[in-house]
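Okay, thanks for coming, everyone. I'd like to walk you through an interface between two chains.

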Number of protein chains: 2
Amino acid sequence: MTVPGTSLLNQFAAIVGEAYALRDPSSIVPYLTEPREKFVGRTPMVLRPGSVAEVSAIMRLAHDTGTAIVPQGGNTGLVGGQIPSADASQIIVSLTRLNRVRAVDVDSNTMTVEAGLTLAMAQTTADDVDRLFPLSLASEGSCQIGGNLSTNAGGTSVLAYGNARELTLGLEVVLPSGEIWDGLRKLRKDNTGYDLKDVFIGAEGTLGIITAAVLKLFPKPRGISVAFVGVADPPAALALLNVARGKAGTALTAAEIMSRLALETVVAHLPGARDPLAEPHGWYMMLEISSPNSQADAEQIVEAIFETAMERGIVEDGVRSESLEQAAAFWRLRHGLSDVQKFLGGSIKHDVAVPVSAIPELLSRAETAMQAVIPNSRPFPFGHLGDGNIHLNLTQPADMDKKAFLARWDEVNQAVHAIVTELGGTVSAEHGIGTLKRDLLPTVKSPVEMGVMRALKAALDPTGIMNPGKVL
Amino acid sequence: MTVPGTSLLNQFAAIVGEAYALRDPSSIVPYLTEPREKFVGRTPMVLRPGSVAEVSAIMRLAHDTGTAIVPQGGNTGLVGGQIPSADASQIIVSLTRLNRVRAVDVDSNTMTVEAGLTLAMAQTTADDVDRLFPLSLASEGSCQIGGNLSTNAGGTSVLAYGNARELTLGLEVVLPSGEIWDGLRKLRKDNTGYDLKDVFIGAEGTLGIITAAVLKLFPKPRGISVAFVGVADPPAALALLNVARGKAGTALTAAEIMSRLALETVVAHLPGARDPLAEPHGWYMMLEISSPNSQADAEQIVEAIFETAMERGIVEDGVRSESLEQAAAFWRLRHGLSDVQKFLGGSIKHDVAVPVSAIPELLSRAETAMQAVIPNSRPFPFGHLGDGNIHLNLTQPADMDKKAFLARWDEVNQAVHAIVTELGGTVSAEHGIGTLKRDLLPTVKSPVEMGVMRALKAALDPTGIMNPGKVL
């Protein structure tokens, strides 16, 4: 694509007003890279529209002039989906100013919010009417609903509530033509034609710009109890998960697993952290039970899980939180894992998921495979057992140069992805494709599936102006 | 389209074998109409493929020769989606022989089944491994999974578990080109490209033929308690729903409403039925609480709901089931409603849903509007309050001719649909569009939405051979 000239830029600027059309390089810089600084792009202009009508006018002009557009939310994505190309041909449309709560409907258990609202503000909006919006991510203070939906965000509460997709009832989308699709429905049942909503969710801004959404609200839990349990190995963890699901149903709101190395590292390096159990165990699980009814109810369910698991010899030892503080202390261990890994040196990461039943095989085979690539490297696995979504991190050997270790990132990824694919898994469980995994996609999808995706892209964005170079 | 000639029919027959290529009119007849006999078509041939490869070969030949194909499952659909046109140009592909259970993965809580498996058999398959497959419909003995997914079936457990769409993790689809898309994934998290699965679910066979699916399994409830409650009016029912959701969360597996006339009619005409409450009330609600844990747990939750609802003066009277038999007796009242209505004469029906908060307004406005069209007609509303999905049935005036009453079906529908649309509702909550509502669709959807739907259809079925004349 060609770089837009000054006259065209002036036309774009006129739509939002000069104050919201950034051209000055120093104002633009924050939009050109993301937190990990892995992706850096260039752009002649960042547009900050203040209404859906302005987004529509931008797309109409882009459509008429063949100008490429990159939608951007809170700019927290990890695969480069929100970063423009390096040739300065693409204009960024930042949704940040579209941040209104349009409506909260308590009886329908819905809220209608704009794309630029931060996830934390969406959570607060729900909380203010005594409801729960369960989507929760590390970046929730700055990530935005539009980005959450465009990447079908996951996070810590998928087990009970599903991904962003499952939390969405309706959408408003500006199409590549500039037309506005008003699909802001608050309906639990609606079988009138094709499901357009789910075409745009997870499309990473390549089919249109999500400008607003109707999101589901849930009752707030009135009691939460967290169990911290030592088990011998991943098959025992899986057996415990089954017992917990059987006893708790959807009251089981988290089922996390971590290795002994992971627990040891967080206990050693996180200030104030301590091992909740007296003896060391091979693996650990954290089970969170949320009751809509009462604290006593949540605790009773944990006791019922313990009783059955002990009877069957599944768990070695376990404790349950007896206060919100204690529950928070357990969660601190879990949330600390990503950060404390750095104390062991460099770390190579993956974003994989497999069918839940394949987790033990994945862990054992991936460990062997990674250590075959880099002898003495230390697997550091932890993650969402209940979702089949494990952070298969690999820590460098103690005596290896960090740079030399990280240089072998792709090689380790390849070894792990081969196993994941064989087990019917995915190479992008949460973060999406963006530019990072664009070349990987045709290696894990069939030509038939790639063909259908390309047909959808050509049908909805025939001139190819929506976030070019991403996904497909 | 032209009627396929004998030579072409012979080619189709050769794919499945003569025994499974029905040409004899008497064998074909059962495929040409549906239970209500509202839609009747003609076809030169019904193909009954025995494998996905045969379905693929059929579609390849259809594609090469421009032959129109109508996929058919258990033939229980109510909008004509599975019935061919009257010009004998379309060939029926019945999926009935593709009825294998391919895999059950208890640890992953999934089962992989073929399109022709009946819903009842799918439920049994889950039950056999101590799991629940929650989809449940009146026609479950004969309807099939492929049809359930192609129409995004709803039923009685949507409140807690969602529609067929939410119960599906992966699909296998034969495309109009004959290519097979293998999307049979068992993953709870997967963000690798566009969501193709949801494009085919609910598309009523107009974009491809679903041949198999990976379905979610759930823990089986260990305790069920049903409350039967008298309330003054729909706003009180809505308030009670809110209390129940707050106390039970997703343990609230049904929240049904019925009018006094509905209860009176079922008590008068269903053998052995009796009013569970001593005094008459304006409206009734049935709340079902399912506990994965125990019967005592389910009963405790009902008690907690009663306590709060009584305190707030929301309910007038209520009882809860103390045995499975009593719970079944309450459900018999609810399930008997469709059938006993005939004792009052003719009935005009709708398939509508609105945002849950709009239910009281819908009920009051629709009642007035229907009675304005036909004075002295008797509204007979009941349905899934928790889903915003009410069966807005209208019973004829006692002294009116039944035929004359039914002749005004469209007129009554129009009056109700206008209100539903104004309230942000849908004119097809459960049954789909098919041929019945094809002309209605452009009147309730924006030109933009119709345009996107047509673009999808053209992209995936460019020659227009998949179930022509349905949906769009």
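I'll start with the ground rules, then the symmetry, then the contacts.

This is a predicted model, so to speak a computed one: local features need pLDDT of at least 70, side-chain atom pairs count only at pLDDT 80 or more, and totals for chains, interfaces and linings use all residues. Residues are numbered from 1 along each chain as its sequence is written, chains are lettered from A and ligands numbered from 1 in the order written, and side-chain values use heavy atoms, with hydrogens and water left out.

A 180° rotation with 0.0 Å of shift along its axis puts chain A on chain B at RMSD 0.0 Å (least squares on C-alpha atoms of residues with pLDDT of at least 70 in both). That's the relation of a two-fold axis. And 100% of chain A's contact residues recur in chain B, the same surface serving both copies.

How many residues are in contact? 81 from chain A with 81 from chain B, where contact means heavy atoms within 4.5 Å. About 6700 Å² gets buried between the chains, 55% of that from carbon and sulfur atoms; that's accessible area, 1.4 Å probe, lost on putting the two parts together, summed over both. Lys189(A), Asn191(A) and Tyr194(A) supply 16% of what chain A buries against chain B, more than any other three residues.

Now the charges. The rule finds eight salt bridges across the interface, meaning a Lys or Arg side-chain nitrogen within 4 Å of an Asp or Glu carboxyl oxygen. One links Arg165(A) and Asp195(B), at 3.1 Å, N to O.
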